[in-house]
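Subject: Handing over the structure, with notes

Dear colleague,

I am passing this structure on to you, and the notes below it set out what was found. Please read them with the model open beside you.

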Amino acid sequence: MMDYRQVLQQLSFLPDLYLVGGAVRDILLGQTPEDLDFATSAPPEEVMRLAKAQGLGAIPTGLEHGTVTILIDHHPYEVTTFRRDVETYGRRAKVAWGQRIEEDLARRDFTIGAIAMDASGRVIDPYGGQQDLEAGVLRAVGDPAQRFREDYLRVIRAGRFAARYGFQIEPKTLQAAREAAPEVLSHVAVERVSAEFDKAFQNGTPSRFLRYLYDLEILQRLIPEFEDTHLLLQNPRWHPEGDVLTHVLQVVDRAPPPYRWHALLHDIGKKDTARWRPEGWYSFYGHERVGAALIPRIARDLRLPNHLRDELVVTTALHMVPVFTKPTPAAIRRFQAQAGPHLMALKALYEADGAERRPKESWKFFEPQPVPVQPVLLGRHLIERGHKPGKAFGQMLKAAYEWQLETGETDLEKLYQAALRVLERET
C-alpha cells in the first residue's frame with residue numbers, strides 16, 4: 001500500500017479532501033495505518049466523474065452512503081462524501097451531504113477517531129482527540145448516550161479500542177456504555193458483534209476487551225456458558241490464577257491471534273461439569289467432551305465460519321489428551337489421527353493453555369511421526385480384491401485403520417489380513 005501522503009496527493013483533484021478516521025489516529029500514535037479512508041465535499045456522482053477524468057477506476061460501492069472506491073495502482077481506497085445528520089434514530093438516521101469536514105466529524109463515535117488530516121498535514125480536531133490520545137483516554141464525541149443509541153455496536157467498539165491501545169474509558173462514556181449494554185444484542189446483528197471479536201483478537205490485550213464485555217454482561221448473554229465463571233475456583237495446583245474466567249482470559253492473551261477463538265472456547269464445558277470438592281475448588285471431569293458438543297451451537301449462534309467451527313470442535317475435544325495420556329507410539333498416532341489437519345492449532349492452544357506447566361513428555365504428541373496416521377488401506381484396495389461396498393466393507397476399513405494406529409503397521413497385505421479378521425468373526 002502506498003504511503004498516505006502519496007495517496008492524498010494522488011486524490012488531490014477532489015475538493016476539500018481529507019484523510020479521516022482510524023488512519024489519522026494511527027499516524028498520530030506513530031503507527032502505520034492499516035486502512036486509508038478519505039472524505040470530500042464532492043457528491044458521489046462528482047467523485048466518480050472526477051476520478052474517471054483522471055484515468056482512475058471508480059466503483060460505486062455505496063452510493064446511498066456517499067462512498068466511492070477509487071483504484072490507484074490496483075489498490076482500492078474509499079472516498080466518502082461529507083455527511084451531516086438531519087434526524088438521528090439509530091443506524092437508520094436520516095443524513096444529507098455536508099459541506100464542512102467538521103459536520104462529518106461530528107457523526108463519529110469517539111474523539112480519537114474524529115480527527116482529519118489534509119494533504120499538507122494540517123490536522124482538524126474539533127473534539128480534542130489529540131489530547132485524549134496523549135492522555136490515553138477513550139471518550140465519546142458529544143453526548144455518549146446519544147452516540148451509543150445511534151449505533152449500539154459502539155458499546156462493544158469502546159471495549160475493543162480501549163484494549164487495543166491500553167486506554168481508559170472516560171467515566172461518562174463508560175457509564176453510558178453500561179446503561180446501553182442491555183440493548184446491544186437486541187439491536188446489533190450478531191455478525192457485526194463477531195467481527196468485533198475478530199478485530200480484538202488481532203492485537204492489543206484481548207483479555208481487557210473480554211473482561212469489559214463480561215463486566216457489562218454482554219459476553220455471557222452472547223455465550224451463556226460464561227455465566228458466573230468468575231465464581232468457579234479451580235485446583236490451585238494446576239491453576240494458581242484462580243477462577244475459570246481469569247484462566248480463559250489469560251489463555252486468550254497467550255494464544256497467537258489465529259487461535260484466540262480456540263482459547264476463548266476451549267473450557268466452555270466447565271460450567272456444565274463443575275462439581276464442588278471439599279478441598280475448596282471445583283473439578284470439571286469431562287469438560288472437554290461436553291465443551292466440544294456445545295461448539296456447533298455456539299458457532300451457529302455467533303455465525304462463525306464452518307471451517308473454524310470444525311477446528312474448534314477438534315481443539316476443544318482433544319486439548320486435554322496430552323495432559324492425561326501416556327505418550328506411547330500408539331497413543332500419539334491415535335491423537336494425531338483425530339487431530340487431522342488441526343494439529344498445529346491444537347499445539348498452539350496446548351501451549352497457551354498450560355503456559356510453562358506442561359510435562360516435557362507430553363510434547364511428544366505433537367512431534368512428526370515416522371509412521372503415517374492417514375489410513376493406508378483404502379476402499380479401492382478392497383474393491384481390487386473383490387469386495388463390494390456395504391456394511392462389512394466399512395467395518396473392514398475401520399478394523400485395518402485401527403490396527404495401523406495401534407501397531408504402526410503399514411504393510412498393505414498385513415493390513416488387509418487385519419481387515420479380513422472382521423469377516424471371520426462375523427461368520
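Leaving aside its neighbours within four places in sequence, with which residues is Ala106 in contact? Before the reply, a word on the basis of these notes: this is a predicted model, in which local features need pLDDT of at least 70 and side-chain atom pairs count only at pLDDT 80 or more, while totals for chains, interfaces and linings use all residues. Residues are numbered from 1 along each chain as its sequence is written, and side-chain values use heavy atoms, with hydrogens and water left out.

Once those sequence neighbours are set aside, Ala106 is in contact (heavy atoms within 4.5 Å) with Tyr127, Val141 and Arg147. Ala106 sits in the loop between α4 (101-105) and β8 (116-117), where helices (H or I, at least four residues) and strands (E, at least two) are DSSP runs numbered from the N terminus. Its relative accessible area is 26%, so Ala106 is classed as partly exposed; buried means under 20%, exposed over 50% and partly exposed in between, with a 1.4 Å probe and protein chains only. Asp301 is 195 residues from Ala106 along the chain, and their C-alpha atoms are separated by 34 Å.

The protein as a whole

The protein has 23 helices and 13 strands. Its radius of gyration is 28 Å, well over the 22 Å that the globule rule gives for 427 residues, so the protein is more spread out than a compact globule; the radius is taken over C-alpha atoms, and the rule is 2.2 Å times the number of residues to the power 0.38. The C-alpha trace spans about 85 × 60 × 35 Å along its principal axes. Of the 427 residues, 51% are buried, and among contacts between residues at least 6 apart in sequence, 61% join residues at least 24 apart. The protein exposes about 20,900 Å², of which carbon and sulfur atoms supply 50%, the areas coming from the Shrake-Rupley method with a 1.4 Å probe, and for residues only the protein chains shown count as cover.

Around α3

Pro43 is placed in the loop between β2 (37-40) and α3 (44-53), and with a relative accessible area of 33% it is partly exposed. Not counting residues up to four places away in sequence, Pro43 touches Thr81 and Trp97, whereas its C-alpha atom and that of Glu351, 308 residues apart along the chain, are separated by 53 Å. Within α3, the buried residues are Pro44, Val47, Met48, Leu50 and Ala51, and just after α3 Gly55 takes a positive phi of about 80°.

Two further positive phi values

Asp16, in the loop between α1 (4-10) and β1 (18-20), has a phi near 50°, a positive value in a residue other than glycine; its relative accessible area of 43% makes it partly exposed. Arg303, in the loop between α16 (287-302) and α17 (306-318), is not a glycine either, yet has a positive phi of about 60°, and at 48% relative accessible area Arg303 is partly exposed.

A pocket and a cavity

The second largest pocket holds about 700 Å³ of space. Of the 25 residues that line this pocket, the closest to its centre are Trp238, His287, Met320, Val323 and Phe324, and the elements that give two or more residues to the lining are β13, α16, α18 (321-324) and α20 (343-354). On a 1 Å grid over the protein atoms alone, a pocket is an open set of points with protein on both sides within 12 Å along at least five of seven lines, a cavity is a set where a 1.4 Å probe fits but cannot get out, and lining residues have an atom within 4 Å of a point. By class, the lining of the second largest pocket has 11 nonpolar, eight polar and six charged residues, where Ala, Val, Leu, Ile, Met, Phe, Trp, Tyr, Cys and Pro count as nonpolar, Asp, Glu, Lys and Arg as charged, and the others, Gly among them, as polar.

The structure holds one cavity of 30 Å³ or more, and the largest cavity has a volume of about 40 Å³. Residues that line the largest cavity include Glu225, Phe226 and Thr229.

With best wishes

How values were computed: Grid points are joined across faces, edges and corners, and a volume is the space filled by probe spheres set on the points.
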